[in-house]
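Colleague: I would like to learn how to read a model of this kind with some care. Could we go through a few of its features, one after another?

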Number of protein chains: 2
Amino acid sequence: MKHGVRVDVINLGDELLLGLRDNGHLSYLGRELKRHGLEIRRNFVVRDNAEDIQQVFKNAWEDADIVITTGGLGPTSDDLTRETIAKALGVKLEFVDSVRVELEARFARLGRTVTANNLKQCYVLDGAEALPNPNGTAPGILFKQDGKLLIMLPGPGNELRPMFERDVLPRLQEENFFALEEQYLQLRSFGVGESLLENKLRPILKSHPELKVGYCAHEGLVDVRLSLANGTGTLADLRATGEQCMELLGEDFVCFGNHSIAEIAMSHLRAHHQTIAIAESCTGGLLSNAFTDVPGASQTFMGSVVCYHEDTKIEHLGIPESILMQHDVVSAETAVALATGAAESFSSDYGLSTTGFAGPTGGSSREPVGTVYFGLHTPSGAWTHRVQFSGDRLTVKARAVNAAVDWLRRKLTKYQMHDAFANIGYGMGSGI
Amino acid sequence: MKHGVRVDVINLGDELLLGLRDNGHLSYLGRELKRHGLEIRRNFVVRDNAEDIQQVFKNAWEDADIVITTGGLGPTSDDLTRETIAKALGVKLEFVDSVRVELEARFARLGRTVTANNLKQCYVLDGAEALPNPNGTAPGILFKQDGKLLIMLPGPGNELRPMFERDVLPRLQEENFFALEEQYLQLRSFGVGESLLENKLRPILKSHPELKVGYCAHEGLVDVRLSLANGTGTLADLRATGEQCMELLGEDFVCFGNHSIAEIAMSHLRAHHQTIAIAESCTGGLLSNAFTDVPGASQTFMGSVVCYHEDTKIEHLGIPESILMQHDVVSAETAVALATGAAESFSSDYGLSTTGFAGPTGGSSREPVGTVYFGLHTPSGAWTHRVQFSGDRLTVKARAVNAAVDWLRRKLTKYQMHDAFANIGYGMGSGI
């Protein structure tokens with residue numbers, strides 16, 4: 001096992017820089033490598049432009065141990081990675097006949113003939129290994145020089161991912177690049193700002209100078225990442241410190257690891273054989289989606305109604321007409337009636353609801369755009385609360401969903417703090 | 001207007017390299033800049049590590065005209081951007097008292113007192129301008145040196161985006177960095193593979209060698225981007241070529257520009273004063289969400305039921321019990337019954353439904369995981385079709401949603417091909 005392995009990732013493609021697509025390859029590679037104890041040090045995104053590719057590649061290759069490139073291996077004229085990197089390395093391209101055979105077999109299966117520009121894909125860096133690509137035409141390339149590893153992967157996700165898992169990961173292990181165990185622990189919290197969280201945790205963390213601490217905030221969640229420099233402690237120490245932090249955070253603590261709040265809330269429900277239903281207005285389906293993203297959701301999630309019209313609320317949820325006559329659609333009373341209506345009409349133990357103004361239009365001076373009322377029906381009573389969010393329509397929707405699910409989680413964990421860990425596991429070691 | 005402006009973006013944050021989050025800032029900045037004729041040349045993602053930040057920043061600053069950084073301006077100890085970049089530029093940090101006043105006022109409004117680590121955020125590069133941050137504590141920083149512009153933005157999206165739009169964009173215009181008109185046109189298609197699309201369009205595009213053509217595929221959509229090098233043609237030429245491509249693509253053509261398929265489908269419905277309701281099973285709320293993401297959705301979207309249990313289908317949608325007794329829940333018959341049930345129970349003109357197996361468990365040998373049946377109820381009849389998707393749970397959900405909305409769009413556009421453009425506008429010039 002090598003320490004301090006420097007991994008740089010270079011993604012090619014104009015569409016990433018033009019904002020047409022999120023860089024999902026970076027997230028994927030980051031997660032997969034981290035799972036085996038490797039961290040990406042730097043990421044570069046460049047256009048399909050020979051000069052930029054060469055400059056960035058040289059910079060990375062100079063002081064990295066592993067360089068991974070994605071994209072630019074295709075058959076069209078804007079695919080320049082292969083040629084440019086060969087030039088930067090001072091290595092020739094070599095025609096590999098076994099790649100041609102594979103390519104022709106693939107085209108024959110599809111009833112097509114190989115074109116001249118496809119044959120370009122049979123060229124591989126001299127001395128490199130061509131990685132087979134059962135899902136496309138561009139083989140991957142694995143090249144070693146001076147103890148460094150260059151891994152070139154095709155751009156499409158359905159080609160890159162199987163190739164990475166089947167061919168690249170075993171090779172990284174063979175070359176002894178994997179760490180055996182991850183020396184880090186992540187705590188996820190909700191509802192405490194980043195700096196307040198640091199202040200809260202300081203009494204515990206100041207007595208652990210061996211720990212590196214990192215914070216990351218997103219949509220109301222703040223993740224705290226505790227990691228150990230090599231040889232300064234054990235996973236058991238890390239876990240003990242993590243548990244101290246958990247106790248201190250109380251109900252603001254969501255979980256160890258990378259689980260969604262909905263996953264945590266549902267594991268509580270499942271542990272108690274309880275079910276939930278939803279009635280959502282301003283969140284428009286996104287709240288239901290947070291629950292149904294969790295595999296096995298159908299054990300606990302009974303269903304939901306997205307009500308965009310008043311009539312929907314009355315007809316589908318059996319809400320007394322008098323409630324909507326006496327109170328506004330966006331009000332505490334309607335939120336409770338929606339939650340109770342959802343629980344009753346889906347015969348579930350819990351009912352969760354949202355009603356509000358996501359914008360850009362709607363709202364009033366008293367209840368401006370961004371106002372959301374939440375309702376929660378439980379076997380032991382019903383609650384409501386109001387939050388004023390800022391941001392555009394999609395931000396309000398996303399934040400309202402997180403706030404709703406976290407509110408449910410708090411109500412559930414208040415009485416069952418430790419139950420869920422048995423089902424969920426720690427986000428440490430290789431068990432994330 | 002300057003030509004060939006070199007823009008580099010540096011994103012800070014371990015979480016991006018560990019795969020905990022997609023780099024949404026890059027996509028956002030890419031889109032916003034492109035809208036004004038600026039393209040990001042290179043993107044660097046680095047850890048919160050002084051050495052890496054310094055190395056990458058120096059590399060970028062050396063030959064860029066504009067460098068934008070995101071993140072690392074927070075109050076916690078791992079926020080190093082400000083100090084590191086000041087050092088790299090050889091510039092001192094200066095305490096800006098007006099930032100302190102803002103900060104204290106903000107904390108007072110929230111009933112909290114400013115902590116020592118928050119005061120760190122009052123330091124700004126000597127000679128730089130502090131950009132106010134109404135949604136957070138870290139001000140942005142705008143710094144000029146030798147005709148170059150450094151723009152440092154806070155990490156949270158709800159702080160970065162308003163600051164970029166309110167303060168940074170006007171400044172870029174002032175400094176004359178914007179191109180006046182965008183010389184490009186984007187066509188969005190659905191259902192044709194990237195290389196087939198290239199072959200289809202070749203007869204038209206080969207007679208326009210002045211056009212640069214780029215393709216980008218995502219979740220069944222393929223965008224074609226036609227752009228003109230400076231001075232080689234006019235927007236009217238571009239538009240004429242785009243319209244030829246549109247005619248050729250027929251119903252596979254979705255729109256010009258960057259609109260979602262749901263936006264296009266809803267503009268058709270709105271133009272004809274028609275409404276829609278949804279009954280979704282395996283897509284679990286995400287299909288409804290695609291519609292409710294569109295501002296003004298409540299004019300056409302009546303509501304939906306997410307049915308995860310058979311009972312839901314019967315009770316909430318009035319589906320005859322006999323259908324579920326004679327046919328599987330995942331079947332063509334159930335899909336049609338759901339669509340019709342949705343339309344009837346929400347009194348809408350159209351009803352759209354999904355029922356299938358998103359995985360990872362479920363399915364049968366005849367209907368494996370990834371099978372989805374779609375149902376569509378219209379004023380002139382009901383249809384159903386079946387698609388077999390591959391990929392994990394979230395991929396199946398996302399692809400099924402795109403397929404469902406696109407199917408609706410095709411049915412609507414078949415009879416009303418040109419109606420929608422009046423409402424939607426072209427994705428060209430600054431009108432995207």
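Modeller: Let us begin with how the copies meet, keeping in mind that this is a predicted model. Of the interface residues of chain A, 81% are also interface residues in chain B, so the copies meet through the same surface.

Colleague: What rotation and what shift superpose chain A on chain B?

Modeller: In general, two copies of a chain are related by a rotation about an axis and a shift along it. Here chain A is superposed on chain B by a rotation of 180° with 1.2 Å of shift along the axis, at an RMSD of 1.5 Å. That is the relation of a two-fold axis.

Colleague: And within one chain, which domains does the assignment give for chain A?

Modeller: The assignment divides chain A into domain 1 (7-174), domain 2 (184-256) and domain 3 (261-413). Between domain 2 of chain A and domain 3 of chain A, the centres taken over C-alpha atoms are 31 Å apart. Their contact takes eight residues from domain 2 of chain A and 10 residues from domain 3 of chain A, and the side belonging to domain 2 of chain A has four nonpolar, two polar and two charged residues.

Colleague: How many helices and strands does chain A have, and what share of its residues is buried?

Modeller: Chain A has 16 helices and 17 strands, and 50% of its 432 residues count as buried. Among contacts in chain A between residues at least 6 apart in sequence, 67% join residues at least 24 apart.

Colleague: How far apart are the end C-alpha atoms of helix α9 of chain B, and what follows α9(B)?

Modeller: At 1.5 Å a residue, the 15 residues of helix α9 (residues 235-249) of chain B should span 21 Å, and the end C-alpha atoms are 21 Å apart, which agrees. After α9(B) comes B:G250, whose phi is positive, near 60°.

Key: Residues are numbered from 1 along each chain as its sequence is written. Chains are lettered from A and ligands numbered from 1 in the order in which they are written. This is a predicted model: local features need pLDDT of at least 70, side-chain atom pairs count only at pLDDT 80 or more; totals for chains, interfaces and linings use all residues. Domain bounds come from an automatic or database domain assignment. Two residues are in contact if their C-beta atoms, placed from the backbone, lie within 7 Å. Ala, Val, Leu, Ile, Met, Phe, Trp, Tyr, Cys and Pro count as nonpolar, Asp, Glu, Lys and Arg as charged, and the others, Gly among them, as polar. Copies are superposed by least squares on the C-alpha atoms of residues with pLDDT of at least 70 in both. Helices (H or I, at least four residues) and strands (E, at least two) are DSSP runs, numbered from the N terminus. The expected span of a helix is 1.5 Å times one less than its number of residues. A residue is buried if 20 or more other C-beta atoms lie within 10 Å of its own, exposed if 12 or fewer, and partly exposed in between; C-beta atoms are placed from the backbone.
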